[in-house]
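Please find below a note on the structure under review. It is written for a reader who is new to such descriptions.

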Amino acid sequence: MRIAVVPGTLALQERYASLTDPIPELRAAVTAAREWADRVFVINGSARRTQASPGPFDERAVPFDEALFTALTGPDVARIRSTDQRLATELWATVGSAPDLADALASKPWQVSVDYHDAPTGVAWWVIRYAS
């Protein structure tokens with residue numbers, strides 16, 4: 001089984017690419033992960049990390065993102081499953097599929113690789129692969 005976590009943003013779709021792509025590494029990582037995976041889950045961190053983020057700055061954003069990234073890369077199924085959905089909503093994070101991801105990752109050992117980990121526009125984006 002091969003599982004991937006990718007960010008859910010329209011800007012990553014090829015039809016939105018411009019002549020000067022501000023996020024080519026992310027776009028390439030998402031495309032490769034989607035082609036590789038048997039199952040894809042959409043998860044991204046907060047969009048309130050900095051003054052330049054899409055949402056207004058929130059000091060809870062970076063700690064939330066760090067904790068979520070640590071859980072995802074563990075993978076720590078219990079922590080993924082218990083992701084605070086209310087806080088995620090307040091921080092403009094996309095984590096609705098976290099419980100389903102936790103179910104998919106439960107009771108198997110996984111090799112985890114991180115293809116992308118950055119927040120170039122003030123939004124925490126990750127591309128993570130799980131292979132069993």
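The numbered points below concern the basis of the model, the helices and strands, the cores and the salt bridges.

1. The model is predicted; local features need pLDDT of at least 70 and side-chain atom pairs count only at pLDDT 80 or more, whereas totals for chains, interfaces and linings use all residues. Residues are numbered from 1 along each chain as its sequence is written, and side-chain values use heavy atoms, with hydrogens and water left out.

2. Helices (H or I, at least four residues) and strands (E, at least two) are DSSP runs, numbered from the N terminus. In helix 5 (residues 98-105), the buried residues are Ala98, Leu101, Ala102, Ala104 and Leu105. Here buried means under 20% relative accessible area, exposed means over 50%, and partly exposed lies in between (1.4 Å probe, protein chains only). These residues lie on the same side of helix 5 because they cover an arc of only 160° around the axis, the arc being that of the directions from the helix axis to the C-beta atoms.

3. The largest nonpolar core has 27 residues, of which Ile43, Leu72, Leu101 and Tyr130 touch the most other members. Helix 2 gives the most to this core, with 6 residues. A nonpolar core is a set of buried Ala, Val, Leu, Ile, Met, Phe, Trp, Tyr and Cys residues joined through side-chain atoms within 4.5 Å.

4. Strand 4 is mostly covered, as 6 of its 7 residues are buried. Strand 4 runs antiparallel to strand 1, to which 4 bridges join it, and also antiparallel to strand 3 (residues 111-118), with 7 bridges. Two strands pair if DSSP finds at least two bridges between them. The bridge partner of alanine 4 in strand 4 is arginine 129, while histidine 117 stands opposite tryptophan 126.

5. The whole structure holds 7 salt bridges, each a side-chain nitrogen of Lys or Arg within 4 Å of a carboxyl oxygen of Asp or Glu. In one of them, aspartate 65 meets arginine 49, with the closest N and O atoms 2.6 Å apart. Aspartate 65 lies in helix 2 and arginine 49 in the loop between strand 2 and helix 2, so the pair ties together parts that are 16 residues apart in sequence. Aspartate 65 is buried, at 2% relative accessibility, whereas arginine 49 is partly exposed, at 21%.

6. Which residues of helix 4 and the loop between strand 2 and helix 2 form a pair 30 residues apart in sequence? They are glutamate 90 and arginine 60, whose side chains meet in a salt bridge (2.9 Å, N to O).
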